[in-house]
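This briefing covers the overall make-up of one protein model and the surroundings of one residue in it. Please view the sequence and the structure first.

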Amino acid sequence: MAVTSSASTVWNGGLADGSGTTTLASGIETAVSWKARTEGGGQTTPEELIAAAHASCFSMALSHALGEAGHAPSSISASAEVGFVPGQGITGSVLTVTATVPGLDQAEFERIANEAKAGCPVSQALAGIEITLASATLEG
């Protein structure tokens, strides 16, 4: 079954002095501005939303891949950092993951995590940027 997700943004003013509000279909509403995007701090940026999408998608892809390999995870904690340089654009996404997976060794975990990174639909959508798995830590 195909699912379509949506969001909208209302922007007021020029790029440098303006601001906006982004609303997700799920009801989450957040302020956005160019200043936050280029200087950081206080408001959501498009890159933060991409990072959230990438971390959550990667977690799901990794959970699925581990389960398919016969190693259902007890827990997965993943994060993504998405870089942005004005005039250049989005520069990359760096994933970090820590998981508790009974009966799995570190080398096999790293192999499966790298496969999940490549197979994650958000990773595939971000094919135009570098995606790295900075660390994959197996606990327990």
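Does threonine 44 count as buried or exposed? Threonine 44 counts as buried because its relative accessibility is 12%, where buried means under 20% relative accessible area, exposed over 50% and partly exposed in between, with a 1.4 Å probe and protein chains only. The model is predicted: local features need pLDDT of at least 70, side-chain atom pairs count only at pLDDT 80 or more, and totals for chains, interfaces and linings use all residues. Residues are numbered from 1 along each chain as its sequence is written, and side-chain values use heavy atoms, with hydrogens and water left out.

**Threonine 44**
- Threonine 44 sits in the loop between α1 (34-39) and α2 (46-68); helices (H or I, at least four residues) and strands (E, at least two) are DSSP runs numbered from the N terminus.
- Leaving aside residues up to four places away in sequence, threonine 44 touches Thr30, Ala31, Val32, Ser33 and Leu49, contact meaning heavy atoms within 4.5 Å.
- With threonine 30 there is a polar contact, side chain to side chain, at 2.5 Å; such a contact is a pair of N or O atoms within 3.5 Å, and within protein one must be able to donate a hydrogen and the other to accept it, while residues adjacent in sequence count only if both atoms are side-chain atoms.

**Whole protein**
- The protein has 4 helices and 6 strands, in the order β-β-β-α-α-β-β-α-α-β along the sequence.
- Of its 140 residues, 32% count as buried.
- Among contacts with a separation of 6 or more, 50% come from residues 24 or more positions apart.
- Along the principal axes, the C-alpha atoms fill a box of roughly 55 × 30 × 25 Å.
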